[in-house]
Amino acid sequence: MTVDTDKTPGPADTPPAGPEAIKAIPVRHYGRYVSAVVAIALLAAVVYAFSQGKIEWGTIPDYFFDSRVLEGVGNTLLITVLSMVIGIVGGILLSVMRLSKNPVTSSIAWFYIWFFRGTPVLVQLVVWFNLGLVFEYINLGPFYKDEWSDFMTPFLTALLGLGLNEAAYMAEICRAGLLSVDEGQTEASHALGMSHAKTLRRIVIPQAMRVIVPPTGNEVINMLKTTSLVSVVQYSELFRVAQDIGQTSGAPAEMLFLAAAWYLLLTSIFSIGQYYLERYYAKGSTRSLPATPLQKIKANLLSLSNRQSTGGGAV
């Protein structure tokens with residue numbers, strides 16, 4: 001039997017054609033369009049309502065960089081930073097005491113947190129300010145002795161009221177961060193001969209920072225806004241200064257908008273700092289760090305330029 005090797009390929013031998021390209025049709029979300037229109041309409045209504053009010057908007061930029069306003073901003077930042085320092089240091093100590101196996105120290109920490117979290121910070125500020133009605137003098141033996149009214153200044157009242165209250169909240173944040181670290185880390189460090197204090201400092205706390213930093217950043221922003229409450233104890237921060245200027249200038253509503261603009265500016269700056277701090281402590285937990293706003297802008301500009309260059313070559 002002979003084999004025909006000269007057989008020419010026929011139509012049956014041609015490779016089959018590839019599958020047809022799928023024509024994807026995007027789904028239309030009409031609800032998004034409706035919600036966007038409703039949101040824009042509500043925003044336009046609010047803007048129109050404020051534009052019809054008797055508000056002298058030109059007064060706000062006139063007083064925005066007034067020396068009294070800038071002094072109030074400085075006092076607000078000062079009391080915010082110092083109160084958070086007291087709160088963070090006190091919170092770390094209270095969290096360690098709360099996790100201690102000593103029932104006395106853990107009970108004291110629990111009572112402190114229970115009391116300061118259970119009473120409003122405004123009430124605490126007023127109590128500190130009016131303790132002069134209870135104690136006429138403050139006597140610390142050979143170190144200090146003076147009248148309570150001279151000792152408890154508005155600045156010290158604001159510092160103690162905000163700082164001690166913040167320590168109770170930071171204690172729970174720090175405790176949650178310490179508990180998030182696996183107990184095997186502590187056991188391994190103890191097996192290597194590390195002391196309990198060194199284990200906390202070198203092993204536990206660095207890993208707990210990933211849990212502690214985000215809520216701490218929120219607490220800083222919240223503290224910045226809570227400083228407006230210290231106006232009741234006669235401390236000259238931003239809100240009190242804005243009220244005083246509003247009463248003397250005859251533009252109380254405008255000065256409140258000015259204070260709100262300053263608070264928005266400061267909280268925005270703090271939010272940026274919080275973002276970079278969280279990004280720094282996320283190095284050990286994620287494979288790739290999220291892009292910074294500047295990197296996102298550069299990436300968008302680069303992709304836009306590549307599209308334009310590709311389109312120009314095609315033409």
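**Close-up views of a predicted helical chain**

View 1. A nonpolar core here is a set of buried Ala, Val, Leu, Ile, Met, Phe, Trp, Tyr and Cys residues joined through side-chain atoms within 4.5 Å, where buried means under 20% relative accessible area, exposed over 50%, and partly exposed in between (1.4 Å probe, protein chains only). Leucine 162 is in contact (heavy atoms within 4.5 Å) with Ile79, Ser83, Val121, Leu125, Met223, Thr226, Thr227 and Val230, once its neighbours within four places in sequence are left aside.

The model is a predicted one, in which local features need pLDDT of at least 70 and side-chain atom pairs count only at pLDDT 80 or more, while totals for chains, interfaces and linings use all residues. Residues are numbered from 1 along each chain as its sequence is written, and side-chain values use heavy atoms, with hydrogens and water left out.

**View 2. The whole chain, for orientation.** The chain contains 12 helices and two strands, taken as DSSP runs numbered from the N terminus (helices H or I, at least four residues; strands E, at least two), and their order from the N terminus is α-α-α-α-α-β-β-α-α-α-α-α-α-α. Of its 315 residues, 29% count as buried, and among contacts between residues at least 6 apart in sequence, 73% join residues at least 24 apart.

**View 3. Helix 9 and its bend.** Helix 9 (residues 196-226) has 31 residues, yet its end C-alpha atoms are only 36 Å apart, short of the 45 Å that a straight helix would reach at 1.5 Å a residue; this expected span is 1.5 Å times one less than the number of residues. The helix bends by about 45 degrees at methionine 209, the bend being the angle between axes fitted to the seven residues ending there and the seven starting there.

**View 4. Threonine 216 within helix 9.** Threonine 216 lies in helix 9 and is buried, with a relative accessible area of 12%. A polar atom of its side chain lies 2.6 Å from the backbone oxygen of isoleucine 212. Not counting residues up to four places away in sequence, threonine 216 touches Met84, Ile88, Met170 and Ile173.

**View 5. Glycine 72 beside leucine 238.** Glycine 72, in helix 3 (residues 67-98), counts as buried at 0% relative accessibility. Although 166 residues separate glycine 72 from leucine 238 in sequence, the two are 4.1 Å apart in space, C-alpha to C-alpha. Leaving aside neighbours within four places in sequence, glycine 72 is in contact with Ser236, Glu237, Leu238 and Val241.

**View 6. Glutamine 234 in a loop.** Glutamine 234 lies in the loop between helix 9 and helix 10 (238-249), and at 48% relative accessibility it counts as partly exposed. Glutamine 234 has a positive phi of about 70 degrees although it is not a glycine. Most residues other than glycine have a negative phi.

Definitions and conventions. Polar contact = N/O pair within 3.5 Å; in protein donor to acceptor, adjacent residues only side chain to side chain.
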